[in-house]
Amino acid sequence: MIKQRSVAMVIILTLITCGIYRLFWMYAITEELSHATNDPNFSGAKALIFLLLTCGIYGLFWYYVVGQKIAEMQRQHNMLLKDNGVLYIVLAIFGFGIISDAIIQAEMNKFVGVV
């Protein structure tokens, strides 16, 4: 089940907690996408472990996979297909990962009550 979250609150909480909320948010988004796309291999715990083991590099791959999973959900529900995985990576590389997070949350909010 996809949970409705305020995009502004995701950004504010990430900034206030110096990124700690982002780890919780990443875990939650990964778990929601895992359940929505029936992919047991895509888990929040694995994502956090890989993120820590690779000193954050896994986060770039995670952005791409999240883009793919959201596109898959859009395809399943006959919505306008937008695969933003590459956009998320480019924003993160240039230091705008929080904007990627905002876009991801906005896209996820479209599935509240649908999935």
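Close-up 1. The structure holds 0 disulfides, a disulfide being a pair of cysteine sulfur atoms within 2.5 Å. This is a predicted model, where local features need pLDDT of at least 70, side-chain atom pairs count only at pLDDT 80 or more, and totals for chains, interfaces and linings use all residues. Residues are numbered from 1 along each chain as its sequence is written, and side-chain values use heavy atoms, with hydrogens and water left out. The sulfur of Cys 18 sits 19 Å from the closest cysteine sulfur, in Cys 55, and that is too far for a bond. Cys 18 counts as exposed because its relative accessibility is 73%; for burial, the cut-offs on relative accessible area are under 20% for buried, over 50% for exposed and partly exposed in between (1.4 Å probe, protein chains only). Cys 55 counts as exposed too, at 72% relative accessibility.

**Close-up 2. Positive phi in the loops.** Cys 55 lies in the loop between α3 and α4, and its phi is near 55 degrees, a positive value in a residue other than glycine. Helices here are DSSP runs (H or I, at least four residues), as are strands (E, at least two), numbered from the N terminus. Asn 38, found in the loop between α2 and α3, also has a phi near 55 degrees. Asn 38 counts as exposed, so have a look at the surface for this one: its relative accessibility is 67%. Just after α4, Asn 78 takes a positive phi of about 50 degrees.

**Close-up 3. Ser 43 and its contacts.** Ser 43 is in the loop between α2 and α3, and it is buried, with a relative accessible area of 17%. Which residues does Ser 43 touch, not counting residues up to four places away in sequence? They are Thr 30 and Glu 31, where contact means heavy atoms within 4.5 Å. Ser 43 and Thr 30 are 13 residues apart in sequence, yet 5.9 Å apart in space, C-alpha to C-alpha.

Close-up 4. Glu 32 has its place in helix α2 and is buried, with a relative accessible area of 8%. Leaving out residues up to four places away in sequence, Glu 32 touches Met 1, Ile 2, Lys 3, Arg 5 and Met 108.

**Close-up 5. Helix α4 and what covers it.** At 1.5 Å a residue, the 19 residues of helix α4 (residues 58-76) should span 27 Å, and the end C-alpha atoms are 27 Å apart, which agrees. That expected span is 1.5 Å times one less than the number of residues. Buried residues of α4 include Tyr 58, Trp 62, Tyr 63, Ile 70 and Met 73. Their cover includes α2 (20-36), α3 (44-53), α5 and α6.

**Close-up 6. α5 against α6.** The axes of α5 (residues 85-93) and α6 (residues 97-109) come within 7 Å and cross at roughly 150 degrees. That makes α5 roughly antiparallel to α6; angles under 35 degrees count as roughly parallel, over 145 as roughly antiparallel, 65 to 115 as roughly perpendicular and the rest as oblique. Axes are lines fitted to C-alpha atoms, for helices over the stretch in contact, with angles from 0 to 180 degrees between N-to-C directions. On the α5 side, the contact is made by Leu 87, Tyr 88, Leu 91 and Ala 92. Residues of α6 in the contact include Ile 99, Ile 103, Ile 104 and Glu 107.
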